[in-house]
Amino acid sequence: MTTIPALDVVELKKTYANGVEALKGITLRVEPGDFFALLGPNGAGKSTLIGILSSLVNATSGDAKIFGVSIRQQRSAAMRLIGLVPQEINFNMFEKPFDICVNQAGFYGIPRAEAGVRAEKYLKQLALWDKAFGIARAMSGGMKRRLMIARAMMSEPKLLILDEPTAGVDIEIRRSMWKFISGINAAGTTVILTTHYLEEAEQLCRNIAIIDKGRLIENTGMKSLLSKLDVETFVLDLAQPQAVLPEVAGVRFTRIDEVTLEAEMSREHDLNSMFAALTTRGIAVRSMRNKANRLEELFVRLVETGTTDAAKVAA
Amino acid sequence: MSAGPNLIAYGTITRREVVRILRIWMQTLLPSAITMTLYFVIFGRMVGSRIGEIVPGVGYIDYIVPGLIMMAVITNSYGNISSSFFGAKFGRHVEEMLASPMPSWVILTGYVTGAVLRGLIVAAIVLVISLFFTRIHLYHPWITLSTVLLTAIVFALAGFVNAVYAKKFDDIALVPTFVLTPLTYLGGVFYSVNQLGTPWREISQANPILYMVNAFRYGLLGISDISMTVAYAVMIGFAAALATIGLTLLNRGIGLRS
């Protein structure tokens, strides 16, 4: 038995009035219950794709189905299934967070009494209840972002789309938002996340698509993608200053400062042999850490070259 | 979407509009009360007492009351929707509605209802103020009510179209200043078009506000410069045309969706 995908995008194209081709034929499928990362550099077309899915942007051609419902043929029914957390703050700053949530539910045809119950539930879950009856404008940036998540949850959507929900949010609040979104996903909601914090995508998402210049350049499982990365970079904190860069087979060293080196090496190359070689040269390593998020490294290479093969770098 | 959810969505927009009108009542309700009081004092009492009867049996202040009420209805229903909907566009919270399952007609009727309610509230305020200066008669209650309602709907829809096309706040101030105010002043509020000679009388007949003011005056005083059939045809025609334009703009996303 085949399952109906949560999102089925077929040959979606968008050319703006000024001639810019934001999407050049995107085909994409997201399974129900997935936690899906949609990544790409600025201007790649992510927000245009999300805009089309949420009916804020008119597609030039192609279609997308939300749980089998076409956004072009049955817009209202499709929108009923989607919750959107946009990149830009887009609620009325002069309204109260409680009213913003209740009104949002009203737009989805949810009776006011039920809307009030849901508003309290989600504002409490996102630690905003003490701000519920103040003016939204007075809230901090992190609170405003959480309010947009609470607002999107008012219709209890089957597909939640988050467009950079944690942009500009401090790490503590970001982690609390991850926890909330993970909980929503565990309860059965399909989540599509765009973010520039690749650590976030790596931790949360099971599948990933990368868009660049309006085209899909990767669409695979997170584990499968990460396994393509053959090179890792470590930062070594040395016990004593080192004037000359050591030469060790299979490892490329670069100097950060006198007591800090970066070591780039193949994942097949074992760390013991590197440490043995350093010890032989009288270099003591006080501590070591992984330099970059693995996904970040892959992402940069994919976007620079446009192929996954480029991820394989000979050490 | 069945009737229930649409009704809830419609009620949500209307309630939000009414809350907004009442929250900023010093901007939405008070100005018309002050302006119309000045009109009654200056044009009604001070100037009007020297003019005497403009139509046999009708004093000048009685003659201008219907026009002044209509002037308040026109500017308030237009101004409410143009500023509220453009504000939603400018602040991007219009996206809350555009990304929701609500059909376009629900968005349009919700905003129009809010604007009509403001027009009616202000009309009631001006009517009460006018009682301090003259006695109001109600010759044809249904004509009075239907005219004020149709006029508010026509100008609410016109304000909506203006807000959709507006790109900056200046764009929603231009029409009231350069179109609505002159048309209202030349729409027979302060004089009878029958007093005008050719070609000014014929030119005045191209002004839709003339028909609205006269229909309302007929409802209150039982006198009019024009036929009621023509007046209703003009009001219903404009309402239907503007509603079609407003819905088309929303459905196509012109000025709203990229």
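**First stop: a pair of residues in chain A**

Select Val9(A) and you'll find Ala64(A), in E4(A), standing opposite. Keep in mind that this is a predicted model. Now widen the selection to the strands themselves: E1 (residues 7-15) and E4 (residues 61-66) of chain A pair in the antiparallel sense, over 5 bridges. Show the rest of that sheet and you have 4 strands, an open sheet ordered E2-E1-E4-E5 in chain A, with antiparallel pairing. Its edge strands are E2 (21-30) and E5 (69-70) of chain A, each of which pairs on one side only.

**Next: the other sheet of the tour**

Stay in chain A and pick E6-E7-E8-E3-E9-E10: that is the order of 6 strands forming an open sheet, this one with mixed pairing. Colour E6 (82-85) and E10 (215-221) of chain A; these stand at the edges with a single partner strand each, so one side of each has no neighbour in the sheet. Direction ignored, neighbouring strands here are turned by 15° against each other on average.

Zoom in on E6(A) and strand E7 (residues 159-163) of chain A, which run parallel and are joined by 4 bridges. Within that pair, Val85(A) stands opposite Leu162(A) in E7(A).

- Helix H1 (residues 46-53) of chain A touches E3 (35-39), E6, E7, E8 (190-194) and E9 (207-212) of chain A, and its direction makes about 145° with that of E7(A).
- Helix H5 (residues 141-153) of chain A touches E6 and E7 of chain A, with its direction at about 170° to that of E6(A).

**Over to chain B: the core**

Which residues have the most contacts inside the largest nonpolar core? Select Ala156(B), Leu157(B) and Phe160(B); the core they sit in has 155 residues. Helix H4 (residues 60-90) of chain B gives the most to this core, 17 residues. Centre on Phe160(B): leaving out residues up to four places away in sequence, it touches Ile81(B), Phe85(B), Leu108(B), Tyr111(B), Val112(B) and Gly246(B).

**Last stop: where the chains meet**

Show both chains: 24 residues of chain B are in contact with 25 residues of chain A. On the chain B side, helices H1 (3-23) and H5 (94-98) each supply at least two residues, and H1(B) gives the most, with 8 residues. That side of chain B divides into 10 nonpolar, 9 polar and 5 charged residues.

For the complex, the predictor gives an ipTM of 0.88 and a pTM of 0.84.

How values were computed. Residues numbered from 1 in each chain as written. Chains lettered and ligands numbered in written order. Predicted model: local features only at pLDDT ≥ 70, side-chain atom pairs only at ≥ 80, totals over all residues. Pairing = 2+ DSSP bridges. Contact = placed C-beta atoms within 7 Å. Nonpolar A, V, L, I, M, F, W, Y, C, P; charged D, E, K, R; others polar. Core = buried A, V, L, I, M, F, W, Y, C linked by C-beta atoms within 7 Å. Buried ≥ 20, exposed ≤ 12 C-beta atoms within 10 Å, placed from the backbone. Axes fitted to C-alpha atoms, helices over the stretch in contact; angles between N-to-C directions.
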